[in-house]
Amino acid sequence: MGKTFLVVIDRIGVSDLLKADTPHMDFLMEMGGTALMTTNTGGSRSQRDAYLTMGAGTRVAASDKSPLGFQVDEAFQGNLAGDLYLQITGVHPPKGAVINLGFAQAVRINSQRPYTVTIGALGTALRTAGVRSAVIGNCDTPGENKRYLVSFMMDDQGMVPKGHVDKSLLITDYSRPFGIRTDYDKLMQAVDELWGTTDVFAIQLGDTSRAEDFRYEATDSMNEQYKRTAIEESDAFIGNLIPRLNWERDRILIVTPLGSARDLAENNRLTPVIMAGKGFSKGLLSSGSTKRAGIITNLDIGATILNGYQIPRYGGQLGSRVFSTTRSMDIQELLDYNIRLKEVSNQRTPLLRSYVVVLVILLASSLLSIFFFRKFLSQVGVFLQFVMAVPIAYLLLPFFHQPTFIGSLILSWILAMVI
């Protein structure tokens with residue numbers, strides 16, 4: 001049985017990868033596939049909702065306690081996390097497990113949705129099939145426990161069989177955001193320690209997330225430097241991980257569950273994904289969810305992990321297996337593709353609204369002409385034909401892409417008049 005490595009580099013976009021020196025991720029893109037991933041959730045655009053959604057395999061909303069993942073012997077608010085878990089569930093968690101203290105609230109929050117929801121569907125499917133999983137790393141900041149990845153990998157009991165998520169994986173460094181950074185040596189030691197007893201490794205490289213959380217405290221230039229340094233150190237960790245992989249049976253998935261605040265402010269909900277190893281070849285990635293080269297959904301990640309072990313999707317999971325296509329793009333082309341998709345998405349709503357406004361005005365004018373100004377009916381007919389031609393013009397817009405809403409609006413009206 002091969003191993004799967006889910007490496008999470010959060011709160012970045014394709015443009016951030018392009019600015020950084022990432023030879024090892026470049027190598028994986030050359031031998032494997034890459035794509036843009038949608039990051040929609042059933043709640044807000046937040047990390048806690050994004051991770052819980054990916055674990056459930058359907059759109060859900062998280063609770064404020066969803067990031068509270070702990071090793072059972074770890075202290076939280078004066079108590080052992082294992083004792084708090086016992087109070088929540090009535091179950092004694094096994095030694096070495098990692099537990100989530102917010103899973104019961106997440107189940108309650110999503111219990112009334114009009115579709116099937118299994119909080120922790122991915123972890124439950126792995127557990128049922130006998131595939132062993134572990135979670136390593138955190139996004140902690142001073143005073144806050146941010147173990148989002150636990151909510152992604154946990155089962156329906158809020159538990160991951162093994163892992164290391166405590167603060168021992170952090171090292172003091174006053175030149176970094178909040179004065180801390182990930183200790184990548186200890187992260188790799190944790191991987192080596194769990195190697196013989198784990199099939200699916202979920203690894204959180206938390207420095208990019210901390211750099212994003214620090215963005216309001218530092219200057220723009222320092223924020224760029226922090227993000228770039230974090231990405232390059234993440235790439236170095238991946239470079240140390242690559243020699244441990246057997247490409248004939250193992251797989252590595254590099255995922256960003258949520259983009260940066262800058263991208264989200266521009267309504268860019270797409271983040272980079274890289275997949276290499278067994279089952280993946282060079283080319284853009286796609287899935288049955290999108291049927292479009294270069295685009296997958298965040299629901300597809302869990303389904304892809306399960307497919308690697310021939311495990312069927314669990315109750316409520318909607319994602320599809322990710323696969324490679326023959327079409328290719330380099331990182332700059334992927335960024336250009338991302339920008340274009342963002343522009344199209346941002347123009348869609350105002351274009352539809354403008355059409356509805358014009359439609360209402362012309363229909364009202366037509367009714368007035370019929371009842372009071374019949375001599376203008378011939379002209380009204382031309383305007384009604386124009387209104388019917390606008391949707392056809394919208395369908396033709398992708399062939400004449402305009403980067404701005406005004407440009408697309410004027411072009412669509414010209415096309416409609418020509419039609």
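Being three residues apart in helix α9, Arg-210 and Asp-207 are separated by about one helical turn. The two residues form a salt bridge in which the closest N and O atoms are 3.0 Å apart; a salt bridge here is a side-chain nitrogen of Lys or Arg within 4 Å of a carboxyl oxygen of Asp or Glu. Helices (H or I, at least four residues) and strands (E, at least two) are DSSP runs, numbered from the N terminus.

The model is predicted: local features need pLDDT of at least 70 and side-chain atom pairs count only at pLDDT 80 or more, whereas totals for chains, interfaces and linings use all residues. Residues are numbered from 1 along each chain as its sequence is written, and side-chain values use heavy atoms, with hydrogens and water left out.

**Salt bridges**

The whole structure contains 22 salt bridges. One of them pairs Arg-176 with Glu-233. Arg-176 lies in the loop between β10 (170-172) and β11 (180-182) and Glu-233 in helix α10, so this pair ties together parts that are 57 residues apart in sequence. Another joins the side chains of Asp-250 and Arg-249.

| Salt bridge | Closest N to O distance |
|---|---|
| Arg-176 and Glu-233 | 2.4 Å |
| Arg-210 and Asp-207 | 3.0 Å |

Arg-176 is buried at 16%, while Glu-233 is partly exposed at 23%. Asp-250 is buried at 2%, whereas Arg-249 is partly exposed at 48%.

On a 1 Å grid over the protein atoms alone, a cavity is a set of points where a 1.4 Å probe fits but cannot get out; a pocket is an open set with protein on both sides within 12 Å along at least five of seven lines, and lining residues have an atom within 4 Å of a point. Grid points are joined across faces, edges and corners, and a volume is the space filled by probe spheres set on the points.

The structure holds five cavities of 30 Å³ or more, and the largest cavity has a volume of about 60 Å³. Its lining consists of Arg-176, Pro-177, Ile-180, Asp-207, Arg-210, Ala-211, Tyr-226, Thr-229 and Ala-230. Helices α9 (207-213) and α10 (220-241) are the elements that give two or more residues to this lining. By class, the cavity lining has five nonpolar, one polar and three charged residues, with Ala, Val, Leu, Ile, Met, Phe, Trp, Tyr, Cys and Pro counted as nonpolar, Asp, Glu, Lys and Arg as charged, and the others, Gly among them, as polar.

The largest pocket has a volume of about 710 Å³. Of its 25 lining residues, Arg-340, Leu-341, Val-344, Ser-345 and Arg-348 are the closest to its centre. Helix α13 (residues 331-371) supplies the largest share of the pocket lining, ten residues. The pocket lining has ten nonpolar, ten polar and five charged residues.

**Surface**

Val-418 belongs to helix α15 (residues 405-418) and is exposed, with a relative accessible area of 67%.

Terms used. Buried means under 20% relative accessible area, exposed over 50%, partly exposed in between (1.4 Å probe, protein chains only).
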